Amino acid sequence: HGSLRDFLHQSDPLHKYKHKYAGSGTPMTEKNIAKYGRDVLEGMLFLKQLGIPCYHLHAGNVVVDPPRRCAITDIENNVLGQPPRHAAVIRELAAKGVQPDVACFACVLFEMASGYELTSLQAADVLLSPTSSCPDAVRNVLTSIIAPWATTPPDVEDLLRLDLFASVVPAQPVPKLAVTMPTVVQQLFLASAEALEASVLHIARHAPPKSPRQHVHVSYGGP
């Protein structure tokens with residue numbers, strides 16, 4: 001069924017990139033933004049619990065199955081040394097204390113609400129204006145991430161607790177998943193995240209990470 005970006009542009013996933021996304025897509029309704037936004041956040045939380053960063057998250061690698069749910073793909077990019085698609089925005093938001101995965105989610109949320117990609121924080125001003133057509137609930141979430149002047153920026157768990165996403169009733173029960181991650185895989189993702197933060201995002205870890213356990217076992221069935 002294609003990616004979230006295909007869904008916004010109502011394009012055939014098999015068509016060439018330059019033809020599919022030549023113009024702006026159609027903004028989603030608040031209901032669909034809440035539905036798919038919650039799906040993405042649940043996927044991000046699951047990966048976070050496994051120690052897998054979501055620094056490459058964007059609307060082009062979220063696969064959509066409209067009657068059901070959507071899923072995050074391309075997590076292998078974290079260990080392939082690929083720069084994040086939204087590196088510039090992540091870097092700008094990192095200066096405000098926003099976590100890289102939350103910055104990526106803000107880019108996805110912005111694209112769902114506007115129909116086009118967020119390329120810089122300045123470009124978000126039009127959508128964040130009270131006179132824009134963006135639903136108030138969506139604008140408030142974006143503002144809390146992009147312009148967190150008075151409060152601490154939210155993390156993934158905070159976002160899931162917001163009314164916009166917490167009020168969504170899944171069409172299907174969240175599947176119960178249990179994953180055991182070997183130490184070598186956990187170390188690989190950790191090392192790649194550190195390298196990405198240092199070289200691309202210019203974020204330095206202020207404290208050494210805890211030594212990985214022999215195996216990490218995570219069970220998840222929704223927040």
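How many residues apart in helix 8 are Asp158 and Arg161? In this predicted model, Asp158 and Arg161 are three residues apart in helix 8 (residues 156-161), and about one helical turn therefore separates them. An α-helix has 3.6 residues a turn, so residues three or four places apart point the same way. The side chains of Asp158 and Arg161 meet in a salt bridge, with an N to O distance of 2.6 Å. Asp158 is partly exposed, at 28% relative accessibility, whereas Arg161 is exposed, at 56%.

A search of the whole structure finds eight salt bridges. One of them joins Lys20 to Asp6, with the closest N and O atoms 3.0 Å apart. This pair links distant parts of the chain, since Lys20 belongs to helix 2 and Asp6 to helix 1, 14 residues apart. Lys20 is buried, with a relative accessible area of 14%, and Asp6 is likewise buried, at 4%. Within helix 7, Asp136 and Arg139 lie three residues apart, about one turn of the helix, and form a salt bridge whose closest N and O atoms are 2.6 Å apart. Here Asp136 is exposed, at 52% relative accessibility, while Arg139 is buried, at 7%.

The buried residues of helix 4 are Ala87, Val89, Ile90 and Leu93. Seen down the helix axis, these residues fall within an arc of 165°, so they line one face of helix 4. Their cover includes helix 5 (100-114) and helix 7 (136-146). Ser3, in the segment before helix 1, is buried with a relative accessible area of 7%. Leaving aside residues up to four places away in sequence, Ser3 touches Tyr21, Ala59, Gly60, Val62, Val63 and Val64.

Further features occur in the loops. Most residues other than glycine have a negative phi. Gln10, which is not a glycine, has a positive phi of about 50°; this residue is placed in the loop between helix 1 (4-9) and helix 2 (17-20) and is exposed, at 64% relative accessible area. Asp74 also has a positive phi, near 65°. The loop between strand 2 (70-72) and helix 4 (87-94) contains Asp74, which is partly exposed, at 31% relative accessibility. Leu80 is found in the loop between strand 2 and helix 4 and is exposed, with a relative accessible area of 53%. Together with Val79 and Leu188, Leu80 makes a nonpolar surface patch of about 260 Å².

Technical notes: Residues are numbered from 1 along each chain as its sequence is written. This is a predicted model: local features need pLDDT of at least 70, side-chain atom pairs count only at pLDDT 80 or more; totals for chains, interfaces and linings use all residues. Side-chain values use heavy atoms; hydrogens and water are left out. Helices (H or I, at least four residues) and strands (E, at least two) are DSSP runs, numbered from the N terminus. Buried means under 20% relative accessible area, exposed over 50%, partly exposed in between (1.4 Å probe, protein chains only). Patches are made of residues with over 30% relative accessible area and no salt bridge: like charges are joined within 9 Å, nonpolar side chains (Val, Leu, Ile, Met, Phe, Trp, Tyr) within 5 Å. Accessible areas come from the Shrake-Rupley method with a 1.4 Å probe; for residues, only the protein chains shown count as cover. A salt bridge is a side-chain nitrogen of Lys or Arg within 4 Å of a carboxyl oxygen of Asp or Glu. Contact means heavy atoms within 4.5 Å. The arc is that of the directions from the helix axis to the C-beta atoms.
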